[in-house]
Structures are given as C-alpha cells and as structure tokens.
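Have the viewer open and follow along.

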Amino acid sequence: MKFICLCHYDQARFAACTPEDFQAVAAICAPRDQQLQGSGHVDVICSLAAPADYAVIRPGENGPTVARGAYADTPEPWGAYFVVDADDIEQAIEIAKLHPGAHLGRYFGGGIEVRPCHVHWPA
C-alpha cells in the first residue's frame with residue numbers, strides 16, 4: 001500500500017534561521033536521509049519550492065485558468081513530500097519518522113502528515 005507523506009514547516013521560523021542553524025540542519029538531515037533511503041520503503045522524495053513560486057490551475061468556463069501563488073495562504077506550507085510503500089499506516093508512520101522533518105521542529109516547526117493514497121498509473 002502507498003502512503004504520501006507531506007512535510008510542512010513554519011515560514012516565519014524558517015525565515016528566522018541563521019547560517020549556523022542551516023549548518024546544524026544539514027548535520028541532522030544527512031544521516032536521516034540515509035536511514036530513510038536505507039529503509040527500502042521510499043519510492044520518491046521531493047523538496048518543494050516556496051509558495052511564491054507556485055501556480056494553481058482551476059477549471060474555468062472557457063478552459064483552465066492559471067493563478068500564480070499557492071492554492072491556500074497558510075503559515076505552514078508543504079516543504080517536501082515522499083511516497084512510502086508499507087503494509088499499513090502504522091508501518092508508514094514508523095518509516096516517516098525517519099525523515100528529517102520529524103526531527104527539525106526546533107528550527108522549522110511543522111511536521112509530517114501521512115495519508116494513504118492509491119496509484120493509478122503506471123500500472
């Protein structure tokens with residue numbers, strides 16, 4: 001079964017980080033990323049751009065319309081996502097706990113939301 005894990009962060013806390021904070025974050029991330037990859041359960045992991053760089057496509061009367069920016073203005077946007085292949089949500093949660101986002105609250109706040117998902121393609 002597949003689970004999408006959505007990592008969110010506090011924009012104000014992220015903006016307040018110092019260069020020293022980012023060095024500490026990098027030291028936390030490297031071994032966590034290795035553990036996550038080494039689990040053998042992660043299909044894909046992606047970092048996301050800042051909300052100012054987003055675009056939203058909506059259906060319109062004359063075809064799709066495009067708006068620049070995030071769909072929702074929130075102080076805790078998604079910062080990354082990854083897809084886990086697990087037997088059930090409990091196993092997916094244990095795997096998601098390996099992600100750096102579960103250990104960076106001191107710097108970024110946020111957290112990880114784990115959602116069951118269904119892959120439609122490729123088959």
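Phe-14 counts as partly exposed because its relative accessibility is 36%, while Phe-108, at 12%, counts as buried. The cut-offs here are under 20% relative accessible area for buried, over 50% for exposed and partly exposed in between, with a 1.4 Å probe and protein chains only.

A word on where this comes from: this is a predicted model, where local features need pLDDT of at least 70, side-chain atom pairs count only at pLDDT 80 or more, and totals for chains, interfaces and linings use all residues. Residues are numbered from 1 along each chain as its sequence is written, and side-chain values use heavy atoms, with hydrogens and water left out.

Back to those rings. The structure has four aromatic pairs, meaning rings of Phe, Tyr and Trp (its six-membered ring) with centres within 6.5 Å; planes under 30 degrees apart are stacked, over 60 edge-to-face, and the rest tilted. Phe-14 and Phe-108 make a tilted pair, because their ring centres sit 5.2 Å apart with the planes at 50°. Phe-14 belongs to helix α1 (residues 11–15) and Phe-108 to helix α4 (residues 105–108), so the pair ties together parts that are 94 residues apart in sequence. Ring pairs also join Tyr-9, Phe-14, Phe-22 and Phe-108 into a cluster.

Which residues does Tyr-107 contact, leaving aside its neighbours within four places in sequence? They are Arg-13, Phe-14, Cys-17, Asp-21, Ala-24, Val-25 and Ile-28, where contact means heavy atoms within 4.5 Å. Gln-35 is 72 residues from Tyr-107 in sequence and 21 Å from it in space, C-alpha to C-alpha.

Now for the whole chain. There are four helices and six strands, and from the N terminus they run β-α-α-β-β-β-β-α-α-β. Both kinds are DSSP runs numbered from the N terminus: helices are H or I with at least four residues, strands E with at least two. Along the principal axes, the C-alpha atoms fill a box of roughly 50 × 40 × 20 Å. Of the 123 residues in the chain, 24% are buried. Among contacts between residues at least 6 apart in sequence, 76% join residues at least 24 apart.

Helix α3 (residues 89–96) has Ala-92, Ile-95 and Ala-96 as its buried residues. Down the axis of α3, these fall within an arc of 100°, so they line one face of the helix; the arc is that of the directions from the helix axis to the C-beta atoms. The buried residues of α3 pack against β1, α2, β2, β5 and β6 (111–117).

Next, the pockets:

| Pocket | Volume | Lining make-up |
|---|---|---|
| Largest pocket | about 440 Å³ | 14 nonpolar, seven polar, one charged |
| Second largest pocket | about 210 Å³ | seven nonpolar, one polar, one charged |

On a 1 Å grid over the protein atoms alone, a pocket is an open set of points where a 1.4 Å probe fits, with protein on both sides within 12 Å along at least five of seven lines; lining residues have an atom within 4 Å of a point. Grid points are joined across faces, edges and corners, and a volume is the space filled by probe spheres set on the points. Ala, Val, Leu, Ile, Met, Phe, Trp, Tyr, Cys and Pro count as nonpolar, Asp, Glu, Lys and Arg as charged, and the others, Gly among them, as polar.

Of the 22 residues lining the largest pocket, Gly-79, Ala-80, His-99, Leu-104 and Phe-108 are the closest to its centre.
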